[in-house]
Structure formats: structure tokens, C-alpha cells
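Hello,

The structure we discussed is below. My notes on its salt bridges and on one further residue follow.

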Amino acid sequence: MINRPLYLVAGARPNFIKLAPLIRQLQNLDDLPYWVVHTGQHYDDVMSGSFFRTLGIPVPDVNLEVGSGEQGLQTARILERFERLLIDSPPSAVVVFGDVNSTVACALAASKLQIPVFHVEAGLRSFDRTMPEEINRLITDALSDILFASEISGVFNLVREGIASQKVHLVGNIMIDSLENTLPAALARGTPSRLGLNSGNYALLTMHRPSNVDAEETLISLVEVFSEISLHLPIIFPVHPRTFQRFNELNLQKQIPDAFRLIEPLDYLDSLCLQKQARLVFTDSGGMQEETTYLDIPCITLRANTERPVTVEMGTSTLVGSDPERIWEAFQLVESGNYKHTSKIPLWDGKSAERIVAVLKEYLTTTC
Ligand code: UD1
């Protein structure tokens, strides 16, 4: 019996989707106690609370309430508050997810106190260190004791970086566990018709990465090309808070056609439903590259690179960067009916959480 709880740490929207299937597995066990620790990196109902409700995640045992701030400030706040928690109530180990500031800060705090760190979604690399997430991934993986990879490229990257292969486990994509679990409920939402859209007859757009929304010139040229596309196919655009801020600063809302519609961020079920019924998706989100691949929906990825190459090589993603011409060409290809389809990706089968828990249990029972 393991006495001290395992800490499951989540802080930002994409983490919550990866956390839910693991909790479902752990709920079936009575010999592996756990606490949910929310760092509070995302705190709004639309960015956080709604995900806990729709994914059935219990109220966090601890909320560090760090809130927003510049990269360094936010990371430092998490580090300081999480270290205090680890000292006051030591866990058996810490599980971190993905690549957000909460991931790296909590891995660092735990590792310095010699508490084992397990990283879910390890090994992904864009090889682009201008992205804060890439720095977070590199540091988290270097510090982790057990690394769970979602696709084979992750295993190769880790081994190339000198991580001992016995620490690395290819378990598949835990986001697909969430997707499979919730798809029927998501489709029952009928989100397109609620928003006045016809199934298969709209494009879904999301963008929030600094590479797309921070530079004025880039953002304006993106808004122009999406305005043009919306005259051919309506676009629905749930706006991330950091993008919304930029739209306000540049007064962009007033310059776009009615068919290019901005709405609040969606909860997880509405997001899945809108993706599944879209003709195509434009996005710079990592998670949506994977969801569209699984759902076989064309994904025009607004990134110059991806840390998820399997979505390009075997899935429906095409990288177009922030280049309006390439975006337009990719849109035309979808409209021509000649766009590629997805193949079945190994281990994206809804059983990743099961595999992760088996490894966790084995590790904790032999070392604790
Ligand atoms: C973070 C992650 C990113 C992930 C994204 C998903 C890092 C470095 N980045 O980016 O990998 O794709 O989450 O959403 O961790 N804000 C709100 N309400 C909230 C949370 C944030 O209004 O609940 C605003 C903040 O004021 C801030 C902005 O959104 O200005 C950005 O939030 P932040 O947590 O810094 O990073 P994201 O850009 O969301």
C-alpha cells in the first residue's frame, strides 16, 4: 500500500483534457491515493472551470491560484507555491502533463526535492526554441524519472537527447482517451446548429500562439486572409483571451465580414462537436492537430513546424505557417475534394491512461 498521495498537477486548458482519463483509471484503484493540484495558471470558467465540469474532474484538492503574468513571473510563482506544498505535504511522486509553464515549474520543484517526476506527453519537439513550450518540454524531460511518449517521434527524440531508454514508455495519446470517452456527448450538443451553422459547411478557426498574434503585421495579414475565405465558407472563431486582447488593441473586430464570427472560448464538448462537423479547421493548437487527425477532418496548421509530426505524416495536418498564400492554397485544396485522409495511428486507441497507470503502479510499489 502506498501511503502518500500521488500529485496530479494541471494548470492550463490542454492539461485538463489529459488529466481526466488518468483520474478515471485511478478512481478504480483503492491502493493508489492521489490529489489533484491545480496551479491556477488558467482560472476563468471558460478556460478552466467548464473543463472540470464537462470532463468530470473532481474539485482540485489544492489550488495554488497563481493567475496570469509574464513567463518568468508565472513560472516563479508556481515554483514557489508548489515547493511549499511539497515540503508541507510530501507526495509519493508528481505527474505533470504537456508543455505549459505549470509543467516545467512543478517538475523543477519536485526534482530538486528528490521527488520522482512522471511526464505525460514526453519527447515532443518542434526544434523551435522561440516557443516557450519547447523550452518547457526540454527542461521537463531532462528532469523526469519516467517519460510517457504519445507518438514514436517522442521516443526517438528522448533517446537522441541521452535519456536512458528504460525510463521511456510509448503509451499512446491520452488526449484520444478523452476524445473517445466524450465524443457521443459532444455530438449530442448539436453545437453547429446552436450557432446557426450547417454541418460540413463552415470552417473552425483557433489561434493564440505568439507567432501568430503578437506581431501586428502578421495578425492583420491573417485576419485579411480569413476575412476573404469567410466570403466563400463561413468561419467560426472561438477567441482565446490573449488573442482577444490583441483584437481589442488593434481594433480588428470592426474590420471583418459578418461571416467571420468571433465567439467566446468553447468548452471541451462544444469544441469537439464543432471540429467533428467542420469542413476544415485552421489552428495553431497542438491538441487540435491531434483531434482533427483522429476525427479525419482537414487541419490547416498555422505553424511553421510541429512537435507532433505524426499528424502531418499520417494524419490530416498541413503546415502553412502564417503565410496567407499557403493558407489560401490549402483551403482551395480542401474545397477541390482532393485533401488527404488520416491513417490509424499506433496506440491512439483510448487505452493510454490504462498503460500509464500500470507503469506508475509498478514504479511506486517497487520504490516507495
Ligand atoms: C498556455 C500555454 C500554451 C497552451 C495554452 C492553451 C504556456 C507557456 N503556454 O498559453 O502552451 O497552448 O495555454 O490555452 O504555458 N487568461 C485569461 N483567463 C485565463 C487564463 C489566461 O484571461 O483563465 C489570459 C491572461 O490574462 C494572459 C493570457 O490569457 O494574458 C495568456 O495566458 P497564459 O497562461 O500566460 O498562457 P496562454 O497563452 O494561455
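**Buried charges and their partners**

Glu121 is buried, with a relative accessible area of 7% (buried means under 20% relative accessible area, exposed over 50%, partly exposed in between, with a 1.4 Å probe and protein chains only). Before the rest, the conventions: this is a predicted model, in which local features need pLDDT of at least 70 and side-chain atom pairs count only at pLDDT 80 or more, while totals for chains, interfaces and linings use all residues. Residues are numbered from 1 along each chain as its sequence is written, and side-chain values use heavy atoms, with hydrogens and water left out.

The structure holds 21 salt bridges (a side-chain nitrogen of Lys or Arg within 4 Å of a carboxyl oxygen of Asp or Glu). In one of them Glu121 pairs with Lys18, with 3.0 Å between the closest N and O atoms. Helices (H or I, at least four residues) and strands (E, at least two) are DSSP runs, numbered from the N terminus. Lys18 also counts as buried, at 4% relative accessibility.

Both residues belong to a network of salt bridges that links Lys18, Asp99, Glu121, Glu134, Arg137, Glu290, Arg303, Glu307 and Arg308.

Two other salt bridges:

- Arg125 and Asp141 meet through their side chains at 2.9 Å, N to O. Arg125 lies in the loop between β5 and α5 (132–143) and Asp141 in helix α5, so the pair ties together parts that are 16 residues apart in sequence. Arg125 is buried at a relative accessible area of 2%, and Asp141 is buried at 0%.
- Asp270 and Arg194 meet at 3.0 Å, N to O. The pair links distant parts of the chain, with Asp270 in helix α12 (residues 268–276) and Arg194 in helix α8 (residues 191–194), 76 residues apart. Asp270 is buried, with a relative accessible area of 7%.

What does Asp177 touch, leaving aside its neighbours within four places in sequence? Asp177 is in contact (heavy atoms within 4.5 Å) with Pro21, Gly350, Lys351, Ser352 and Ala353. The backbone nitrogen of Ala353 is 2.8 Å from a polar atom of the Asp177 side chain. Asp177 lies in helix α7 (residues 174–188) and counts as buried at 4% relative accessibility. Asp177 and Ile256, 79 residues apart in sequence, are 37 Å apart in space, C-alpha to C-alpha.

Regards

Notes
A polar contact is a pair of N or O atoms within 3.5 Å; within protein, one must be able to donate a hydrogen and the other to accept it, and residues adjacent in sequence count only if both atoms are side-chain atoms.
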